[in-house]
Amino acid sequence: MVRQGSVSWQNWAGTYSVTPARIQHPSSPEEVVEAVSRAAQENLSVKAVGAGYSSNDIAVTRGVMLDLSRLTGILSADQRTGLVTVAAGTTLHELNHALWELGLSLSCLGNLDAATIAGAIATGTHGTGRRYGGLGSQVRGLQLVTADGQLLNCSVKQHPELFAAARVSLGALGIITAVTLQCEPAFVLHSFEAPADYEDLLEVLARLELRDHFEFLWFPHTRRVLTKVQTRLPPDAPLQPLSPVRGWYDDKVLGSVFSAMNRLSTAWPGVTGKVNRMATRALPERSYTDRAYRVVTSSRRVVFRQMEYAVPRASVAHVLDEIDDWLQRSGEQIAFPVEVRLTAADNIPLSPAFGRETCWVAVHQYHRRSHDQYFAAVEAIAREAGGRPHWGKLHYRTAEDLAPSYPLFEEFLAVRDTYDPERRFSNDYLRRVLGS
């Protein structure tokens with residue numbers, strides 16, 4: 001199906017919109033091949049788009065936009081080995097449920113399950129867990145369409161250099177049509193959430209980061225954090241999910257309250273600190289047990305802008321202290337909490353976690369307020385600490401200063417030169433961050 005250029009596209013955050021030459025909805029890998037080949041004949045660029053949750057312009061094109069929402073479902077599954085092949089446009093929500101029915105789970109989940117599996121992999125999406133890497137580290141095979149119209153299957157044995165780079169590709173190497181993932185036996189998570197003092201943060205980290213999955217939220221203009229400790233249990237462990245009333249209250253009521261808090265702080269920025277302190281005093285302890293994906297994922301009821309930086313684990317306390325100092329000096333008022341998660345090192349060339357254990361520091365701003373000053377300050381702090389930006393979120397970096405941060409940056413560019421020498425899959429974003 002083809003829709004011509006009168007149709008505009010906009011991402012979820014509302015930060016970017018575009019009117020492509022056309023939007024196509026391929027329903028098979030062969031239709032993706034046809035779309036790429038036709039675009040090449042017309043000298044048009046091509047970009048795949050998933051659910052549109054990237055805050056930046058990584059998916060924006062004025063050429064041909066390929067909406068992969070019709071490429072969905074599990075294509076094959078081996079419950080013995082845990083290898084599962086899934087179509088590129090499948091959302092993580094759909095995938096998590098289908099895997100559970102097979103007795104399987106992804107090892108580490110991001111907290112947004114509306115994203116597609118291909119989009120999540122291309123941008124380096126991750127969850128939290130000291131022993132666990134991002135989604136790219138769970139990839140064992142990829143099927144993708146290259147700029148010359150070939151449909152390639154790649155793995156450590158087939159086209160290994162393409163496979164190594166394409167596990168976090170930014171969409172620069174081809175259109176992913178299917179992904180093979182290494183899954184594990186399904187597991188349940190027990191989640192315990194509790195407030196703590198900011199001054200105790202290092203002690204909290206030392207005590208809790210060895211748990212299976214751990215994260216915390218720090219509320220700017222306060223000395224309080226909310227810790228979340230998630231412990232793995234076998235799939236037959238008794239479930240004690242949130243009651244329907246508590247789930248409704250936490251999702252709907254607290255979501256509405258948080259939205260109102262942001263509207264209030266937008267109208268009267270001077271009350272932000274007081275609002276945050278009131279919110280932290282109201283934070284209750286919460287404990288429940290449920291299927292892993294139900295515990296980890298959450299909905300997006302307040303529209304926001306987001307930046308996230310991967311910093312060396314040892315530097316996270318310094319980075320947070322520097323952000324706190326800057327907020328006090330600048331007078332900037334931030335209602336959104338700062339989110340901190342942990343992942344293992346990996347060996348993917350353009351993964352922000354390449355070669356080092358990583359803490360991810362995510363900052364947010366309400367969509368009706370300016371984010372530029374805050375994000376620029378946080379980026380300067382994170383960059384000084386050796387931070388690397390999340391590829392799917394807002395940042396201001398360019399190829400010139402990104403290249404030294406990635407030991408295999410040039411190797412990635414060489415793979416790109418081989419598989420897309422004419423830059424069929426390029427756009428403004430890739431020209432900024434890759435240099436051509």
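Rings of Phe, Tyr and Trp (for Trp, the six-membered ring) pair if their centres lie within 6.5 Å, and the planes of a pair count as stacked when under 30 degrees apart, as edge-to-face when over 60 and as tilted for the rest. By that rule, a search of the whole structure finds 9 aromatic pairs. The structure is a predicted model, in which local features need pLDDT of at least 70 and side-chain atom pairs count only at pLDDT 80 or more, while totals for chains, interfaces and linings use all residues. Residues are numbered from 1 along each chain as its sequence is written, and side-chain values use heavy atoms, with hydrogens and water left out.

**Aromatic rings and charges**

- The rings of Trp12 and Phe304 form an edge-to-face pair, because their centres are 5.3 Å apart and their planes stand at 70 degrees.
- This pair links distant parts of the chain, since Trp12 is in the loop between strand E2 (9-10) and strand E3 (17-18), whereas Phe304 is in strand E18, 292 residues apart. Strands (E, at least two residues) and helices (H or I, at least four) are DSSP runs, numbered from the N terminus.
- Trp12 is partly exposed, with a relative accessible area of 24%, while Phe304 is buried at 8%. Here buried means under 20% relative accessible area, exposed means over 50%, and partly exposed lies in between, for a 1.4 Å probe and protein chains only.
- Phe214 and Phe216 form a tilted aromatic pair, with 6.2 Å from centre to centre and 40 degrees between the planes. Phe214 counts as buried at 2% relative accessibility, and Phe216 counts as buried at 1%.
- One aromatic cluster is formed by Trp12, Tyr53, Phe304 and Phe336.
- Arg232 lies over the face of Phe187, at 3.8 Å from the ring centre, and Arg388 lies over the face of Tyr406, at 5.1 Å from the ring centre. A charge sits over a ring if NZ of Lys or CZ of Arg is within 6 Å of the ring centre and within 35 degrees of the ring normal.

**The sheet of 8 strands**

- An open sheet with antiparallel pairing is formed by 8 strands in the order E17-E14-E16-E15-E19-E20-E18-E21. Two strands pair if DSSP finds at least two bridges between them.
- Strand E17 (286-291) and strand E21 (388-389) stand at the edges with a single partner strand each, so one side of each is left without a neighbour in the sheet.
- Strand E19 (residues 338-343) is joined to strand E20 (residues 358-366) by 5 bridges, and the two run antiparallel; Glu339 has Ala362 in E20 as its bridge partner.
- E18 pairs with E20 in the antiparallel sense over 9 bridges, and Ala362 in E20 is the bridge partner of Glu308.
- E18 is also joined to E21 by 2 bridges, running antiparallel, and the bridge partner of Tyr309 in E21 is Pro389.
- Because 8 of the 9 residues of E18 are buried, this strand is largely enclosed by the rest of the structure.
- Helix H9 (residues 316-330) lies across strand E15 (213-218), strand E18 (304-312), E19 and E20, and runs at about 15 degrees to E15. Helix H10 (residues 372-384) lies across E18, E19 and E20, and runs at about 10 degrees to E18.

- Another open sheet, with antiparallel pairing, has 5 strands in the order E7-E8-E12-E10-E11. Its edge strands are strand E7 (74-78) and strand E11 (151-154), each of which pairs on one side only.
- Strand E10 (residues 139-145) and strand E12 (residues 175-182) run antiparallel and are joined by 6 bridges, and the bridge partner of Leu142 in E12 is Val179.
- Helix H1 (residues 29-41) packs on this sheet, touching E10, E11 and E12, and its direction makes about 50 degrees with that of E10.

- In helix H2 (residues 92-101), the residues Leu92, Leu95, Asn96, Leu99 and Trp100 are buried. They cover an arc of only 130 degrees around the axis, which puts them on the same side of H2; the arc is that of the directions from the helix axis to the C-beta atoms.
- Gln24 is found in strand E4 (residues 22-24) and is buried, with a relative accessible area of 9%. Gln24 and Leu66 are 42 residues apart in sequence and 5.0 Å apart in space, C-alpha to C-alpha.

Key. Contact = heavy atoms within 4.5 Å. Axes fitted to C-alpha atoms, helices over the stretch in contact; angles between N-to-C directions.
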